[in-house]
Amino acid sequence: MHKYEKIWISLGTASLAVFLIILGISAVHGGHTPAASGIETINPEHVREDARFSEPGLKEATDGDHDYDLYFLASAFMYEPGEVEIPAGSTVKIHVTSPDVVHGFQVVGTNVNMIAEPGLISTYEMTFDEPGEHLIVCNEYCGIGHTDMTSTLKVVN
Ligand code: CUA
């Protein structure tokens, strides 16, 4: 009887150790860990709970040498925001992700052409000098509403 008690106690200690090790590993690998390539990851199921994408749009930059961060959510079959105004001459870092399937993000008339992929945040930094209107279009086939998926980027003085 005494022997069995010893076995149970060591089993209990061993499973506690395993539990703590797993907890430690997930703590190290959890959260917003930037991938080695510089592409940031995000859990696509919780995109709307993320402060950056819960109310996507233009926000004053808090770090880096750009003026604004512009957050875009590409989902079937719309962009949020559906329209955005950028002050002419400002440098904007655009961040795009998707909560569902792969979409495109092309700002017509500029070099901005990204993929909005669930789980990843694509970024592109760009200075918008000329006032004008740019159509944003989805260039990855994503389903029945693909061609209706647009937004407008207005560069204003
Ligand atoms: Cu979204 Cu095509």
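Which residue is the bridge partner of Val137 in β11? In the predicted model, that position is taken by Thr150. The pairing belongs to the contact between strand β10 (residues 132–137) and β11, which are joined in the antiparallel sense by 6 bridges.

On another side of the pairing scheme, strand β11 (residues 150–156) runs parallel to strand β5 (residues 83–87), and 5 bridges connect the two. Within β11, Leu153 lies opposite Val84. Strand β10 is also paired with strand β7 (residues 103–107), again in the antiparallel sense, through 2 bridges; here Val107 has Ile136 of β10 as its bridge partner.

These pairings form part of an open sheet of 5 strands, in which the order is β5-β11-β10-β7-β8 and the pairing is mixed. From one strand to the next, the twist averages 20°.

The protein as a whole contains 2 helices and 11 strands. Of the contacts with a separation of 6 or more, 58% involve residues 24 or more positions apart. Buried residues account for 34% of the 157 residues. The accessible surface of the protein is about 9500 Å², and carbon and sulfur atoms contribute 57% of this area.

Key
Residues are numbered from 1 along each chain as its sequence is written. This is a predicted model: local features need pLDDT of at least 70, side-chain atom pairs count only at pLDDT 80 or more; totals for chains, interfaces and linings use all residues. Side-chain values use heavy atoms; hydrogens and water are left out. Two strands pair if DSSP finds at least two bridges between them. Helices (H or I, at least four residues) and strands (E, at least two) are DSSP runs, numbered from the N terminus. Axes are lines fitted to C-alpha atoms, for helices over the stretch in contact, and angles run from 0 to 180 degrees between N-to-C directions. Buried means under 20% relative accessible area, exposed over 50%, partly exposed in between (1.4 Å probe, protein chains only). Contact means heavy atoms within 4.5 Å. Accessible areas come from the Shrake-Rupley method with a 1.4 Å probe; for residues, only the protein chains shown count as cover.
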